Amino acid sequence: MHGSVAPKQPKIKPRRTRRYRKKQRSTSIYFLLWAIFSALSLLIVLIFGVSQQLLMEQSYKTEASQEIAEKGEKIRGHIKNRPPDSFGGNESGYIHIMEMEYDVRIFILSEDGRRILPQEPNVDMTDPDIQEYFDFTEETAELKKQLTKSTADFAVFEGDGEYVYGCEIALYEDSTWYLYVGKSLSLMETAIARMNVRMVLIAVFVLVLAFAMSSAVSGWLAKPISEMTEKARRLAQGDFEVDFHGADYNKEMVELAETLNFAREELSKTDRMQKELIANVSHDFKTPLTMIKAYASMIIEISGDNPEKRNKHAQVIVDEADRLASLVGDVLDLSKIRSGVTPLEMKAFDMSAYLYEILDRFAYLKETQGYQFITDIDDGLYTRADELKIGQVLYNLIGNAVNYTGEDKTVFVSLKKQTDGQFRFSVRDTGKGIKPEEMSEIWDRYYRSSEAHKRPVQGTGLGLSIVKTILQRHNLQFGVESEQGKGSTFYAVFPIEQ
Ligand code: ADP
């Protein structure tokens, strides 16, 4: 099996932990929806009401003017077609009958605005109040004005609170009088007032309906959100069993649920690995500590007087203390690099020379344990990076190759210039390789393969995570290629600095 896998990039950027704020000032979705629903419905009711009122008024006026015109013409016809002597002296009675029949008020007015008919018997015409009642000067003037404007021989117009029909009429041959027929507008006003009351009732009903609907809809929308919030709170408290599922009808919520489930997976993985690390690290701490204690006791009790033995035992103590120190160093490094406390110190340096320097650190393995390092290094390759951190990357990768290489104890290290203005560092071993399913996991913090290895270089399961973090912070391309049973090649590509 052969494959090349770049390390998994975190899909969610970790944020600085911010305290969960319980009391938020933002408005609840319930209220928001209710406000929007109510405002919309009220607006609709208002637009509807106003347009209805305008329409109704308009149509009522058109109808009223048609009606008054018809009635007026009929009344004129009745009066005209009667010979003057046929009234039998009771013209007023005749007019009153027509008033009742047509539901209007009818007057015959003189040119100067006096009311000629109907006459009211038994009234004192000297009484100023009554005189006023008989005074139609204004109405007559208006009527005359409208008649001159009208193209027909009658006029229809809106008078004071009524619709008016007017025309000239010659009741007795020698007179120029006017027929005035009025129909009150009060009916329309009552109708509009009644409609307004109805509109108010409808508005109240609509508000109640909006409230009910918004409660239903917001419940429908907000419930899954509240549920997810509750679950997220449980997740924050370390419950990795929670399962988020958004309402199926909403794409965004389904996505949110998926993202939260992904976050839960990542969190639970980190949590699990962290626990494993504590177990591993405490185990790894314990071994050198036990050794240190044992050898120190030995020096006190046995080898104190024998310089040769004492030195040998003291050396074990020093070595074990070094192991401990490097372990503690790794744990610290990772947390520092991760949290970004130490900024990168970018500068140009000779990577070829630096690689030789690092390889020198492994020289003791050549001498004491027969490891061979086969190198293919182009000279004078410069790059711009944080030298110390890149040194850590190279050291970790070569250390891993030493740890995991095969029986031949061979490690291949190369630094080769490419044609694209970059150079590639790679380190290959001849070990068992990495299982395809582990290829992406090995870069995770605390991950250590299930298999036990004889390890000449101390490891904590943090090495590759440090490598990944440093290279990512430099924005460099890197990865691993591995063939099972044949070995693995770890690589990183650097830009050439002229
Ligand atoms: P450590 O080596 O301390 O366990 P690392 O983070 O360096 O931790 O590596 C993580 C895991 O990746 C190792 O436990 C091992 O399973 C795997 N690994 C790393 N380098 C190699 C390699 N060259 N060959 C095979 N497996 C490797």
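Guide: What follows sets the values for some helices, strands and loops against the definitions behind the words.

Guide: This is a predicted model, in which local features need pLDDT of at least 70 and side-chain atom pairs count only at pLDDT 80 or more, while totals for chains, interfaces and linings use all residues. Residues are numbered from 1 along each chain as its sequence is written, and side-chain values use heavy atoms, with hydrogens and water left out.

Visitor: How do you know that the span of helix H5 agrees with its 51 residues?

Guide: Helices (H or I, at least four residues) and strands (E, at least two) are DSSP runs, numbered from the N terminus. The expected span is 1.5 Å times one less than the number of residues, so for H5 (residues 186-236) it should be 75 Å, and the end C-alpha atoms, 72 Å apart, agree with that.

Visitor: What is called a kink in H5, and where does it lie?

Guide: The bend at a residue is the angle between axes fitted to the seven residues ending there and the seven starting there. At Ala222 in H5 there is a kink of about 35°, shortly before the proline Pro224. After H5 comes Gly238, with a positive phi near 100°.

Visitor: What makes E3 and E4 edge strands?

Guide: Two strands pair if DSSP finds at least two bridges between them. The open sheet of five strands has the order E3-E2-E6-E5-E4, with antiparallel pairing, and strand E3 (115-117) and strand E4 (154-158) each pair on one side only. Within this sheet, neighbouring strands are turned by 30° against each other on average, direction ignored.

Visitor: How do you know that E2 and E6 pair?

Guide: Strand E2 (residues 105-109) and strand E6 (residues 177-184) share five bridges in the antiparallel sense, against a requirement of at least two. Arg105 stands opposite Gly182 in E6. Helix H4 (residues 137-149) packs on the sheet, touching E2, E4, strand E5 (162-169) and E6, and its direction makes about 100° with that of E6; contact means heavy atoms within 4.5 Å.

Visitor: Which sense of pairing does E10 have with E8, and which with E11?

Guide: Strand E8 (residues 372-377) and strand E10 (residues 410-417) run parallel and are joined by six bridges, whereas E10 and strand E11 (residues 422-429) pair in the antiparallel sense over seven bridges. E10 and E11 form a hairpin with four residues between them, and Gly421 in the turn has a positive phi of about 75°.

Visitor: How is the packing of H10 and H11 described?

Guide: Helix H10 (residues 387-404) and helix H11 (residues 463-473) pack at an angle of about 145°, with their axes 9 Å apart; axes are lines fitted to C-alpha atoms, for helices over the stretch in contact, and angles run from 0 to 180 degrees between N-to-C directions. The residues of this contact divide into eight nonpolar, four polar and one charged, where Ala, Val, Leu, Ile, Met, Phe, Trp, Tyr, Cys and Pro count as nonpolar, Asp, Glu, Lys and Arg as charged, and the others, Gly among them, as polar.

Visitor: Which residues does the cis peptide bond join?

Guide: The cis peptide bond joins Leu117 and Pro118, with omega about -10°, and Pro118 is found in the loop between E3 and helix H3 (128-134).
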